[in-house]
Amino acid sequence: MQQNDAQYMQQALELAQRGAFSVAPNPLVGCVVVRAGEVVGQGWHERPGEPHAEVYALREAGELTRGATAYVTLEPCSHHGRTPPCADALIAAGLARVVIAMQDPNPLVAGQGIQRLREAGIEVTSGVLEAAARQLNCGFVSRMERQRPWLRLKMAMSLDGRTALANGQSQWITGPEARLDVHAYRAQAGAILTSARTVMMDQARMTARHPKAERQPLRVVLDRQQQLPAEHEFFAIPDPVLRVVDGESDDQVWPAHVSTLVLPADTGRLPLRALFSQLAELEINDVWTECGAELAGALVAAELVDEWIIYVAPKLLGDTSRGVLQLPQLQDLAQAPQLRYHSFTQVGDDLKICARPLHGSAGADRGEVQS
């Protein structure tokens with residue numbers, strides 16, 4: 001690695017982040033072209049079907065690409081998709097060197113872009129700020145490597161760990177700033193997962209109402225017992241909905257934007273791992289989950305939660321109020337699921353905690369949930 005490689009790659013990563021609200025299901029990618037220590041071109045992937053980051057950066061650099069170095073956050077594609085291969089564009093531009101943060105986990109690329117560049121006589125350096133690049137595209141990487149989306153589980157709770165009063169009232173525990181932050185996550189997710197029970201109790205719409213939202217995520221509702229009628233206001237919003245049910249769907253007439261996925265349930269429970277495999281096939285990279293204690297506990301027990309986003313309000317609701325999640329009764333502290341704190345941020349009056357699980361917790365019927 002040469003001097004300043006990390007500096008220019010960091011710029012490319014920051015450019016890539018600009019596509020967070022619009023690029024799915026494609027990965028976030030940024031590119032910086034540098035010649036004689038000066039940035040002469042930059043770009044990022046903005047939307048599916050539009051030019052990739054490398055193309056925008058090369059266009060801005062023009063003839064200055066000859067003998068220059070390109071910094072790209074993800075291995076340039078080598079196959080024809082909606083756009084031509086970026087590896088070919090880099091070769092044609094006459095670059096002397098290409099620095100890549102990470103190899104593309106997509107099997108259609110997976111090292112072939114790097115190989116094509118090297119065969120054309122271009123010096124290639126890979127692995128610069130790789131950890132940051134993988135984190136930037138954790139959902140895309142998860143879908144490609146694990147065949148399931150990255151799951152973020154959101155919780156809003158009081159300081160004493162309660163999510164609602166005993167009568168079910170929960171609006172609003174947190175303040176407006178935290179709620180806006182939630183909508184930013186929704187707007188960047190490929191899907192929002194919830195349960196029929198949550199929809200009915202909270203009259204939840206599960207839409208992304210954020211000023212930067214360019215599209216609506218797929219709304220996935222677990223409704224094993226088919227409690228939500230077609231006339232429910234949840235389905236009146238004309239954005240895509242996926243109903244997940246057990247057994248044949250009833251004879252109701254559903255709007256065109258509502259699809260039904262039938263997952264055969266054993267012992268009256270829906271197999272969550274099978275659901276997430278199906279979502280990966282739908283090109284969902286990231287799932288944002290807002291739900292009650294039962295579904296949250298099932299996701300934790302199934303070891304499907306990749307990241308917790310917890311908003312803690314400076315309020316006390318008391319021990320008669322509802323808890324965060326349901327787990328099987330533990331007999332030993334060693335059985336308790338463990339988390340690692342990732343970050344702490346104050347959002348308005350509330351504290352936002354991001355945490356990652358240390359997988360390996362015990363749980364019965366892992367990967368299944370009642371709904």
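**Pockets and sheet**

The second largest pocket has a volume of about 660 Å³. A pocket here is an open set of points on a 1 Å grid over the protein atoms alone, where a 1.4 Å probe fits and protein lies on both sides within 12 Å along at least five of seven lines; lining residues have an atom within 4 Å of a point. Grid points are joined across faces, edges and corners, and the volume is the space filled by probe spheres set on them. The model is predicted: local features need pLDDT of at least 70, side-chain atom pairs count only at pLDDT 80 or more, and totals for chains, interfaces and linings use all residues. Residues are numbered from 1 along each chain as its sequence is written, and side-chain values use heavy atoms, with hydrogens and water left out.

**Second largest pocket**
- Its lining comprises 30 residues, of which Gln 17, Leu 28, Leu 136, Arg 152 and Gln 188 lie nearest the centre.
- At least two lining residues each come from helix H5 (130–136), helix H6 (138–146), H7, strand S12 (286–290), S14 and S15; helices (H or I, at least four residues) and strands (E, at least two) are DSSP runs numbered from the N terminus.
- The lining divides into 14 nonpolar, ten polar and six charged residues, where Ala, Val, Leu, Ile, Met, Phe, Trp, Tyr, Cys and Pro count as nonpolar, Asp, Glu, Lys and Arg as charged, and the others, Gly among them, as polar.

**Largest pocket**
- The largest pocket, with a volume of about 960 Å³, is lined by 41 residues, and Lys 154, Ser 170, Thr 198, Asp 202 and Cys 291 lie nearest its centre.
- Strand S6 (150–158), helix H7 (176–188), helix H8 (196–202) and helix H11 (293–301) are the elements giving two or more residues to this lining.
- H7 provides the largest share, five residues.
- By class, the lining holds 17 nonpolar, 14 polar and ten charged residues.

**Sheet**
- Nine strands form an open sheet of mixed pairing, in the order S10-S9-S8-S7-S12-S6-S13-S15-S14; two strands pair if DSSP finds at least two bridges between them.
- Strand S10 (258–262) and S14 each have a single partner strand, so one side of each edge strand is left without a neighbour in the sheet.

- S14 (residues 338–347) and S15 (residues 350–358) pair in the antiparallel sense over nine bridges.
- Arg 340 has Arg 356 in S15 as its bridge partner, and Gln 346 stands opposite Leu 351 in S15.
- Two residues lie between the strands of this hairpin, in which Gly 348 takes a positive phi near 65°.
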